[in-house]
Amino acid sequence: MTVEASWYLTLAAVLFTIGAIGLLIRRNVLVMFMCVELMLNAANLTFVTFARRLNDIAGQTAVFFVLVVAAAEVVVGLGIIVSIYRRRPGASADDIHGLKG
Amino acid sequence: MTNVLAAATIPDAITFVLAAVICVMGALGVVLARNPVHSALMLVMTLFGVAVLFVEEDAQFLAAVQVIVYAGAIVVLFLFVIMLLGVDQREAIERDPLPAQRPIAICLGIIGLAEVLLLARGRWPVGARSVSGALGSPANNVQLIGRSVFTTYLLAFEVTSALLVVAVVGAVVLARRPRHAPGGDDAPLGAVVAPEEGLDGPEATDPEATDPMVAGPDVTEEASSDAELADSEVTGP
């Protein structure tokens, strides 16, 4: 018998919290992006845990789609970051306020 | 903790604890590392830990995809961009415009985590067990995911392919340098994503190829035709 599902869910909650805190306290745009990936991984872990607990393959399929969307998101996000850094080198998240209303 | 873990077999418990420690240490490393390269490497550690947990939970296909796509492609992309932009960029903490944000964020995060753990204490997984899409044995995990993706979720799969095409086109458009501003650094933002330029093909990703100041005769006709036109208008008879 494998480890109880609640331990996996607890670990996923801890990972998500670390990612969320990192997203809030870091100013480097790239590190903020990595924290988003951490949160996505925590959600993936939850999906897989429930797939095993409820004996349903749909949870793993959802993780498959999350992986694809994460890849697309990283490609577009890093393209935006590169074009921002090309205009103003060394910009942190606080310097990028040109889009505010 | 011990009685819950005691219900599992010893190798499973050891694997879970080791992978969980690796995951949490990697996640803390991502947040706390000063150097973005170290953050990316710590992210790889977390991703490998999650992959181990996927294997532990009978998701073998997803574990392989996790290593290949995340650690192999996404983190490499991160490292590529970090190296492209320069690794010696320190975060300017001394001129932090929101000095109170960090402690407030940490407090709110810990409060939220404690709330989730307390509220869900003892009754995490709820819901009815599936009657149609059974998880099956580890031997046919790939078959089951394939059948699920190509039958039940076929529409979502097709939309995903469209999403990937849009993402690739968007990355190419975002990363290319505007042609009518050779410097590119002080161009207005609208010029970066000028829609009338269209896509010239694979060479559009190379910023030097679309730059008329450095476009040599080897550059393809599409990329340099405008530059030649401009030169002929200026210097021609």
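Modeller: A residue is called buried if 20 or more other C-beta atoms lie within 10 Å of its own, exposed if 12 or fewer do, and partly exposed in between. The model discussed here is a predicted one.

Colleague: As what does Asn55(A) count, given its C-beta neighbours inside 10 Å?

Modeller: Asn55(A) sits in the loop that joins α2 and α3 of chain A, and its phi is positive, about 55°, although it is not a glycine. Most residues other than glycine have a negative phi. Since Asn55(A) has 15 C-beta neighbours inside 10 Å, it counts as partly exposed.

Colleague: In which loop is Asp58(B) found?

Modeller: Asp58(B) has a positive phi of about 65° and is not a glycine. With 18 other C-beta atoms within 10 Å, Asp58(B) is partly exposed. Its place in chain B is the loop between α3 and α4.

Colleague: Is Asn41(A) buried or exposed?

Modeller: Asn41(A) belongs to helix α2 of chain A, and, leaving aside neighbours within four places in sequence, it is in contact with Leu15(A), Thr46(B), Leu47(B) and Val50(B). Because 30 other C-beta atoms lie within 10 Å of it, Asn41(A) is buried.

Colleague: How many Å apart in space are Asn41(A) and Asp94(A), C-alpha to C-alpha?

Modeller: In sequence, Asn41(A) and Asp94(A) are separated by 53 residues. In space, taken from C-alpha to C-alpha, the separation of Asn41(A) and Asp94(A) is 26 Å.

Colleague: How are α2(A) and α3(A) oriented to each other?

Modeller: The contact between them is made by residues that include Phe33(A), Leu40(A) and Phe47(A) of α2(A) and Val63(A), Val66(A) and Ile81(A) of α3(A), and the residues of this contact divide into 14 nonpolar, 4 polar and 1 charged. The axes of α2(A) and α3(A) come within 9 Å and cross at roughly 175°. Angles over 145 degrees count as roughly antiparallel, and α2(A) and α3(A) are therefore roughly antiparallel.

Colleague: How many charged residues are there in the contact of α3(B) with α4(B)?

Modeller: In chain B, the axes of helix α3 (residues 36–56) and helix α4 (residues 60–85) come within 9 Å and cross at roughly 175°, which makes α3(B) roughly antiparallel to α4(B). Among the residues making the contact are Leu43(B), Leu47(B) and Phe54(B) of α3(B) and Val67(B), Tyr70(B) and Phe78(B) of α4(B). The residues of this contact divide into 20 nonpolar and 2 polar, and the number that are charged is none: no charged residues.

Colleague: How many of the residues of α1(A) are buried?

Modeller: α1(A) reaches 30 Å from its first C-alpha to its last, close to the 30 Å expected at 1.5 Å a residue. The helix is largely enclosed by the rest of the structure, because the buried part of its 21 residues numbers 15.

Colleague: From which element does the largest share of the largest nonpolar core come?

Modeller: Of the 65 residues in the largest nonpolar core, Ala12(A), Leu15(A), Leu30(A), Met34(A) and Leu45(A) touch the most other members. Two or more residues each come from α1, α2 and α3 of chain A, together with α2, α3, α4 and α7 of chain B. The largest share of this core, 13 residues, is that of α2(A).

Colleague: Which residues of chain B does Leu45(A) touch?

Modeller: Residues up to four places away in sequence are not counted here. On that basis Leu45(A) touches Tyr8(A), Leu11(A), Ala12(A) and Leu15(A) and, from chain B, Val50(B) and Leu53(B).

Colleague: Which element gives the most to the side of chain B that touches chain A?

Modeller: The contact takes 78 residues from chain B and 71 residues from chain A, and on the chain B side at least two residues each are supplied by α1, α2, α3, α4, α5, α6 and α7. That side divides into 56 nonpolar, 14 polar and 8 charged residues. With 11 residues, the element of chain B that gives the most is α4(B).

Colleague: What percentage of the residues in chain B is buried?

Modeller: The secondary structure of chain B comes to 9 helices and 0 strands. Among its contacts with a separation of 6 or more, residues 24 or more positions apart account for 46%. Of the 237 residues in chain B, the buried ones make up 22%.

How values were computed
Residues are numbered from 1 along each chain as its sequence is written. Chains are lettered from A and ligands numbered from 1 in the order in which they are written. This is a predicted model: local features need pLDDT of at least 70, side-chain atom pairs count only at pLDDT 80 or more; totals for chains, interfaces and linings use all residues. Axes are lines fitted to C-alpha atoms, for helices over the stretch in contact, and angles run from 0 to 180 degrees between N-to-C directions. Helices (H or I, at least four residues) and strands (E, at least two) are DSSP runs, numbered from the N terminus. Angles under 35 degrees count as roughly parallel, over 145 as roughly antiparallel, 65 to 115 as roughly perpendicular and the rest as oblique. Two residues are in contact if their C-beta atoms, placed from the backbone, lie within 7 Å. Ala, Val, Leu, Ile, Met, Phe, Trp, Tyr, Cys and Pro count as nonpolar, Asp, Glu, Lys and Arg as charged, and the others, Gly among them, as polar. A nonpolar core is a set of buried Ala, Val, Leu, Ile, Met, Phe, Trp, Tyr and Cys residues joined through C-beta atoms within 7 Å. The expected span of a helix is 1.5 Å times one less than its number of residues.
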